[in-house]
Amino acid sequence: ESAVQVGKLQDLINRSKMARCRGRFVCPVILYKGKHICRSATLAGWGELYGRTGYNYIFSGGSDDAWADAEDISEEDSALRNADSQLFDKVRGHDIKLLRYLSVRYICDLMVENKKVKFGLNVTSSEKVDKAQRYADFTLLSIPYPGCEFFKEYKDRDYTAEGLIFNWKQDYVDAPLSIPVSLTQSLNIDWSEYQSWDLVQQTQNYLKLLISIINSDDDSGLLVHCISGWDRTPLFISLLRLSLWADGLIHVSLEPSEILYLTVAYDWFLFGHMLVDRLSKGEEIFFFCFNFLKHITSEEFSAVKSQRRKSLPPGFTLEEICMLKQRDRGSTTSLSSDFSLGMESSPGAAGSFTYEAVELMPAGAQAQAAWRKSSASSPQAVLWSRAQQSEDRLPSTGMVEVKSSSSSSSTHSDNFLRIGSSPLEVPRSRSADRSLPGSSVSTDFGSWQMVTGCGSIREQAILSADASLPCSFPDEFPSTCL
């Protein structure tokens with residue numbers, strides 16, 4: 001939970017609101033692992049700051065919130081407060097207090113310019129070019145990203161972002177990419193090539209960086225902003241929110257339609273995105289945000305760290321696996337009365353066996369005898385060597401072999417090899433009179449059948465066509481793998 005006090009937060013916001021462009025102060029919008037992910041506009045330049053300060057002074061009856069902190073102002077300071085340095089010190093000082101109160105350490109600036117110039121005036125500035133170095137205690141990241149105007153080209157190319165590269169040679173583009181080395185070591189990205197990235201690759205790499213920052217071990221928060229904070233800023237805030245939600249880390253009670261309503265209404269419209277104006281100009285950055293989701297479905301965009309399963313202690317036998325608690329074992333329903341062992345061989349995994357929840361339910365005295373014999377001779381026969389995989393991922397490519405405990409059944413079986421991700425065929429059901437001699441396959445269930453969540457088995461598999469599968473697999477895994 002956040003330790004922020006609402007009253008103090010309101011007071012700090014009221015004092016610091018003049019420090020940022022259009023009065024768009026630093027606002028916490030996502031709470032993740034106790035860290036505040038914030039958004040805002042960039043810093044106000046002297047033209048806007050003086051204009052807004054004078055406007056507020058005139059229309060507030062002579063009082064100005066920017067100077068409300070009377071206890072911190074001496075008479076001498078008050079006399080000189082109209083000087084540039086005094087005004088910037090006071091207003092930006094309140095902005096820094098708000099950032100520190102929210103425990104923000106990282107500031108990601110998406111502007112492609114150091115200062116925004118309008119009508120020949122520097123109307124906005126950036127923390128990275130603050131002459132007094134007031135923001136030197138923060139970790140500043142300059143990650144220039146094209147403004148909403150660039151997304152007219154995206155629409156004109158029939159909404160195709162692949163191959164669409166921003167022109168970094170334009171006169172107003174003067175903010176280079178600058179990221180501390182400590183934040184890039186864990187990412188396999190060549191940042192020096194950023195000007196050659198297309199729109200997809202650039203957005204992907206920036207999102208990886210933001211996820212890496214908020215997933216770091218420290219307790220520091222993050223601020224993301226562009227100029228006004230209503231185009232590029234909601235793009236990345238929305239992508240962060242949807243990515244963390246998809247990982248089950250925030251908004252866990254929301255359905256897909258609900259998280260969609262939340263991010264559209266809150267991240268975009270409540271924070272001032274002018275959709276009608278953008279549509280009239282063809283600057284469809286809003287559409288790009290949601291169309292881009294198809295490019296971040298892989299594991300590298302997940303904030304969930306891969307966790308190794310518990311390693312089995314030496315000498316862990318089949319009997320002990322069968323006595324695992326119900327939540328560890330999965331279903332208690334056996335597929336047939338026959339009994340078979342499944343073993344996966346994977347080079348380099350010896351000595352680090354880990355278990356999948358596997359149920360062995362032999363029926364009948366003959367099968368139980370075979371089970372006891374097999375458990376004594378090959379205690380690790382049903383162990384998985386998936387040390388490097390997380391629970392919700394398919395195992396790496398390996399060899400899976402299913403051996404029937406019935407010698408007569410395995411004698412008459414035909415082995416076949418499947419490579420790649422094509423689905424395994426399901427053998428036709430066999431009637432009792434067509435059963436092979438000596439086979440102990442139950443006629444109640446027919447031949448074995450395999451159902452996978454994704455419709456395919458991704459590893460090479462050697463399966464015994466006549467071998468029945470008494471091992472049942474837990475429902476929580478997205479796909480069933482032998």
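View 1. Helices (H or I, at least four residues) and strands (E, at least two) are DSSP runs, numbered from the N terminus, and two strands are said to pair if DSSP finds at least two bridges between them. Strands of a sheet pair through backbone hydrogen bonds, either parallel or antiparallel. Residues are numbered from 1 along each chain as its sequence is written. Local features need pLDDT of at least 70 and side-chain atom pairs count only at pLDDT 80 or more, whereas totals for chains, interfaces and linings use all residues; side-chain values use heavy atoms, with hydrogens and water left out.

**View 2. The five-stranded open sheet.** The strand order is β1-β2-β8-β4-β7, with mixed pairing. Strands β1 and β7 form the edges, each pairing on one side only. From one strand to the next, the twist averages 20°; axes are lines fitted to C-alpha atoms, for helices over the stretch in contact, and angles run from 0 to 180 degrees between N-to-C directions. T139 lies in strand β7 and is buried, with a relative accessible area of 15%. Buried means under 20% relative accessible area, exposed over 50%, and partly exposed in between (1.4 Å probe, protein chains only). Leaving aside neighbours within four places in sequence, T139 is in contact (heavy atoms within 4.5 Å) with R105, Y106, I107, P180 and L183.

**View 3. Strand β2 and its two neighbours.** Six of the six residues of β2 are buried, so this strand is largely enclosed by the rest of the structure. K35, I37 and R39 lie on one side of β2, and H36, C38 and S40 on the other. Strand β2 pairs with β1 in the antiparallel sense over five bridges, and P28 stands opposite C38 of β2. The bridge partner of C38 in β8 is L223.

**View 4. Helices α7 and α8 against the sheet.** Helix α7 lies across β1, β2, β4, β7 and β8 and runs at about 155° to β8. Helix α8 (residues 232-246) packs on the sheet, touching β1, β2 and β8, and its direction makes about 155° with that of β2. Two packed helices are described by the angle between their axes and the distance between the axes. The axes of α7 and α8 come within 11 Å and cross at roughly 60°. Their contact is made by T203, Y206, L207, L210, I211 and I214 of α7 and by F236, L239, L240, S243 and L244 of α8.

**View 5. Salt bridges between separate parts of the chain.** The structure holds 16 salt bridges, each being a side-chain nitrogen of Lys or Arg within 4 Å of a carboxyl oxygen of Asp or Glu. The side chains of R20 and E127 form one of them, at 2.7 Å from N to O. R20 lies in the loop between α1 (6-16) and β1 (27-32) and E127 in the loop between β6 (121-125) and β7 (139-142), so the pair ties together parts that are 107 residues apart in sequence. Both R20 and E127 are buried. D89 forms a salt bridge with R134, the closest N and O atoms being 2.8 Å apart. D89 is partly exposed, with a relative accessible area of 39%, whereas R134 counts as buried at 18%. The side chains of E300 and K208 also meet in a salt bridge (3.0 Å, N to O). E300 is in the loop between α11 (285-291) and α12 (318-322) and K208 in helix α7 (residues 199-214), 92 residues apart.

View 6. The mean pLDDT (the predictor's confidence in each residue, from 0 to 100) of the chain is 73, and 55% of its residues reach 70 or more. Over residues 63-82 pLDDT stays under 50, and the model has 32 contacts beyond four places in sequence for this segment. Over residues 325-363 pLDDT likewise stays under 50, with 131 such contacts. Where pLDDT is low, the predicted coordinates should not be read in detail.
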